[in-house]
Amino acid sequence: MMGRMTRVTGDETRTTASAAARTPATTARPERPGASTRAWRTRLLVVGIVLAALNLRPAITSFGALLEEVRDGLGMSGSVAGLLTSLPALCFAVLGVTAPRLARRFGPGAVVCAGMAAIATGLLVRPFVGSTAAFLLASGLALGGIAVSNVLMPVIVKRWFPDRVGSMTGLYSMALALGTASAAAVTVPVTDALGGDWQAGLAVWAALAAAAVLPWLAFVRDRGASAPGEGAPASRQGGVRPEEWPAGQAPVLRITRSRTAWALAVFFGLQATAAYISMGWMAQIFRDAGVPAGRAGLLLAVTMVMGVPLAFVIPRLAARLPRQGPIVLVLGVSGLLGYAGLYFAPAAGAWAWAVLVGIANCAFPLALTMVGMRARTGAGVAQLSAFAQSTGYLISIPGPLLVGVLYQHSGGWGLPIALMAGLMVPQMIVGVVAGRDRTVEDEAAR
């Protein structure tokens, strides 16, 4: 009897222990909806990043495709048109540096959402303002939205996708290139379909920016550092736990003490100079060489569309290499060959030159990838991104303007193209320096 009671008691004890062991699993089940919510928000964030990236260049390349029509419509000189092509770099330099501060106060999602709204408003208003000064102001509004989003994209990727910096940078770089190429390719045909009205042809791009506002509305109230719906990640990257972003206790960096930061800033500035000269003037170079307007826009689109596949491949390749110098050199040589072709035979080999210059312009996704790789922490990436982009865009301001002045006063494209080729040499040098296996935390921490 006692033995039987002992067996029963033992069975009950084992049953109770088993139930207790199962309790965590049982109580954990209600957390599944939270996991599902996190997955949904992560997917929504990816959509938001892609849509934001699609809108980071159409304001520029749509204008470049219709530059001649806008000049005629507003009575612009070549120098003023050069100022307009320099305006993106000016806005990115002046306003981009405010992005980390705004993100600390309002949250990165809210800043990007406001940026997309500013792009939509500026693009909708600027074609109908009726004066060059007002056109500049409306363009500045759109470019301000682009500026803050430019700076925050690498930060968002580093913070929310720390183990996929290369692939996520490639994804939004590819979307950026696609938006750039699409605006260059279809702006002229859309304008023709709208009865040749350049104002309507420019304004249609406001719809794409308005669509990009929607997914970011879900992240307007997210002011913390953690990924959508999650706490601060505990994973390590490069042996260092990422601090929360914006990081109140992150090490303060004297970023100007870092040679890597300066090299990256100059590299960013020189590649931006080449990119904005291409976006603002390439179509006009082909048109002046006798290429019809529609084909010139298509050639500009080819230059931009090269970034679609390469902007996905290059960051992934760069992330696997300790040094990115070889990639910098390949892109630089492509640029030199493309500019040589534009100088000697712009119309005869137009398609080849468009492809080569497009390959050279893929220094942009490479620069963004290096921003993510040259800092170990989210806070470091935020500081490096703001410094490199703001300083870089400041460096790039004179380039497009100088091209416009040289074009107007020399009466041809020989000197401007020689300038473009000459700038490619220092770009390759500083790119090799920026591509070394260093981090700004090692060089600039107090």
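Predicted model: local features only at pLDDT ≥ 70, side-chain atom pairs only at ≥ 80, totals over all residues.
**Entry: the overall picture**

I recorded 21 helices and 0 strands in the protein. Of its 446 residues, 53% count as buried. I also looked at contacts between residues at least 6 apart in sequence, and 83% of these join residues at least 24 apart. The accessible surface comes to about 18,100 Å², and carbon and sulfur atoms account for 64% of that area.

**Entry: salt bridges**

I counted 4 salt bridges. In one of them, Asp 442 is paired with Arg 376, and the closest N and O atoms are 3.0 Å apart. Arg 376 belongs to the loop between α17 and α18, whereas Asp 442 lies in helix α21, so this pair ties together parts that are 66 residues apart in sequence. Arg 376 is partly exposed, with a relative accessible area of 24%.

I then turned to Arg 287. Its salt bridge with Glu 68 has its closest N and O atoms 3.6 Å apart. Glu 68 is in helix α4 and Arg 287 in helix α12, so the pair ties together parts that are 219 residues apart in sequence. A salt bridge also joins Glu 69 to Arg 287, here with 3.5 Å between the closest N and O atoms. This pair, too, links distant parts of the chain, 218 residues apart. I therefore wrote down Glu 68, Glu 69 and Arg 287 as a network of salt bridges. Arg 287 counts as buried at 18% relative accessibility, because buried means under 20%. Glu 68, at 30%, counts as partly exposed, and Glu 69 is also partly exposed, at 27%.

**Entry: aromatic rings**

I found 11 aromatic pairs in the structure. Phe 63 and Phe 135 form a tilted pair, with 6.0 Å from centre to centre and 45° between the planes. Phe 63 lies in helix α3 and Phe 135 in helix α8, so the pair ties together parts that are 72 residues apart in sequence. Phe 63 is buried, with a relative accessible area of 6%, and Phe 135 is buried at 0%.

Tyr 343 is partly exposed at 45%, while Phe 344 is exposed at 68%.

I also noted one aromatic cluster formed by Phe 268, Tyr 276, Phe 364 and Tyr 393. The charged end of Arg 57 sits over the ring of Phe 364, 5.0 Å from the centre of that ring.

**Entry: helix α15**

Helix α15 has 20 residues and reaches 29 Å from its first C-alpha to its last, close to the 28 Å expected. Its buried residues include Gly 325, Leu 331, Gly 338 and Leu 342.

**Entry: two single residues**

Thr 169 lies in helix α9 and is buried, with a relative accessible area of 3%. Leaving aside neighbours within four places in sequence, I found Thr 169 in contact with residues including Val 157, Ala 311, Pro 365 and Leu 368.

Gly 130 lies in the loop between α7 and α8 and is exposed at 62%. Gly 130 and Leu 74 are 56 residues apart in sequence and 7.0 Å apart in space, C-alpha to C-alpha.

Notes:
Residues numbered from 1 in each chain as written. Heavy atoms only, no water. Helix = DSSP H or I, 4+ residues; strand = E, 2+ residues; numbered from the N terminus. Buried < 20%, exposed > 50% of the residue type's maximum accessible area, 1.4 Å probe, protein only. Contact = heavy atoms within 4.5 Å. Areas by Shrake-Rupley, 256 points an atom, 1.4 Å probe, with all protein chains shown as cover. Phe/Tyr/Trp six-rings, centres within 6.5 Å; stacked < 30°, edge-to-face > 60°. Lys NZ or Arg CZ within 6 Å of the ring centre and 35° of its normal. Expected span 1.5 Å × (residues − 1). Salt bridge = Lys/Arg side-chain N within 4 Å of Asp/Glu carboxyl O.
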